[in-house]
Amino acid sequence: MTFNTLAIDSKLKKEIMDDLDKFLNGKEFYKRTGKAWKRGYLLYGPPGTGKSSLIAAMANYLNYHIYDLDLTGIYNNMNLKDLVLGISNRCILVIEDIDCTIELENRVTMVTLSGLLNAIDGLWSCCGEERIMLFTTNHKEKLDPALLRPGRMDMHINLSYCTFSTFQQLAFNYLGISHHSLFQEIEGLLGQVQVTPAEVAGELTKTRSSKDSLHDLVMFLHSKKIMQE
């Protein structure tokens, strides 16, 4: 996945790319201010809105490695510390579904919230540079406010339901088209119903005919509208 093919709102895509450029070119700023050369991102929104695809696009754009950290597989805070200290520079450390993994009941792992905070914003996190800490959640409201402050999660990115610009990218990716007579009706429907990009993509891949795919999508959106009303 790249930003050229990533199907999210076009305005949001530009904001993210601009922020990544600023981070990538920020060596002198971080050196001058004495700050660790790292940045935290929170991706939140319903399932199927492109969180995993955005992570891949960010890694490709920066040419960074990705480390996928599963907190449920870590025994304690010291184990977490060792892992964080062992990752390379120029990388993205991903912790998915952070709301689920930090407060598991009857869990074997003894990683605590304070241990996680030290990993992403304490002395541990200063050992290295050009690192991005990236968290995903379907439920931002469940997160401890201590996790959300700048320095830990500097940019909060809301990946929500499909917008018309997101649909346009999907139509180009899957059908190879930028215009069609049904686009206006689809734009109107997308403004009235909540549907994820994954659901739209599913409709667009059911047939190779552009006309049939768009017609099926229109029918799908109408049925969604009735259900949500």
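The exercises below, each with a worked solution, concern a predicted model.

**Exercise 1. The buried face of H10**

Find which residues of helix H10 (residues 197-204) are buried, and work out how they are arranged around the axis of H10.

Solution. 
- Step 1: the buried residues of H10 are Pro197, Val200, Ala201, Glu203 and Leu204.
- Step 2: viewed down the axis of H10, these buried residues fall within an arc of 160°, so they line one face of the helix.

**Exercise 2. Leucine 221**

Is leucine 221 buried or exposed, and which residues does leucine 221 touch?

Solution. 
- Step 1: leucine 221 belongs to helix H11.
- Step 2: its relative accessibility is 0%. The cut-off for buried is under 20%, so leucine 221 counts as buried.
- Step 3: leaving aside residues up to four places away in sequence, leucine 221 touches Ile186, Leu189, Leu190, Val193 and Val195.
- Step 4: glutamate 203, one of the buried residues of H10, is 18 residues from leucine 221 in sequence, with a C-alpha to C-alpha distance of 9.9 Å.

**Exercise 3. Aromatic pairs**

Classify the pair of phenylalanine 3 and tyrosine 61, then that of phenylalanine 164 and phenylalanine 183, and state what each pair ties together.

Solution. 
- Step 1: two quantities are needed, since a pair of aromatic rings is described by the distance of the centres and the angle of the planes.
- Step 2: the count of aromatic pairs is eight. For phenylalanine 3 and tyrosine 61, the centres are 5.4 Å apart and the planes are at 85°, an edge-to-face pair.
- Step 3: phenylalanine 3 is in the segment before helix H1 (10-24) and tyrosine 61 is in helix H3 (residues 51-62), so this pair ties together parts 58 residues apart in sequence.
- Step 4: phenylalanine 3 is buried at a relative accessible area of 6%, whereas tyrosine 61 is partly exposed at 32%.
- Step 5: the ring centres of phenylalanine 164 and phenylalanine 183 are 6.2 Å apart with planes at 85°, so this pair is edge-to-face.
- Step 6: phenylalanine 164 lies in helix H8 and phenylalanine 183 in helix H9 (residues 183-190), so the pair ties together parts 19 residues apart in sequence.
- Step 7: phenylalanine 164 counts as buried at 18% relative accessibility, and phenylalanine 183 counts as buried at 6%.

**Exercise 4. Other ring arrangements**

Which residues form one aromatic cluster, and where does the charged end of arginine 39 sit?

Solution. 
- Step 1: one aromatic cluster is formed by Phe23, Phe29, Tyr30 and Trp37.
- Step 2: the charged end of arginine 39 is over the ring of tyrosine 41, at 5.9 Å from the ring centre.

Methods: Residues numbered from 1 in each chain as written. Predicted model: local features only at pLDDT ≥ 70, side-chain atom pairs only at ≥ 80, totals over all residues. Heavy atoms only, no water. Buried < 20%, exposed > 50% of the residue type's maximum accessible area, 1.4 Å probe, protein only. Helix = DSSP H or I, 4+ residues; strand = E, 2+ residues; numbered from the N terminus. Arc of directions from axis to C-beta. Phe/Tyr/Trp six-rings, centres within 6.5 Å; stacked < 30°, edge-to-face > 60°. Lys NZ or Arg CZ within 6 Å of the ring centre and 35° of its normal. Contact = heavy atoms within 4.5 Å.
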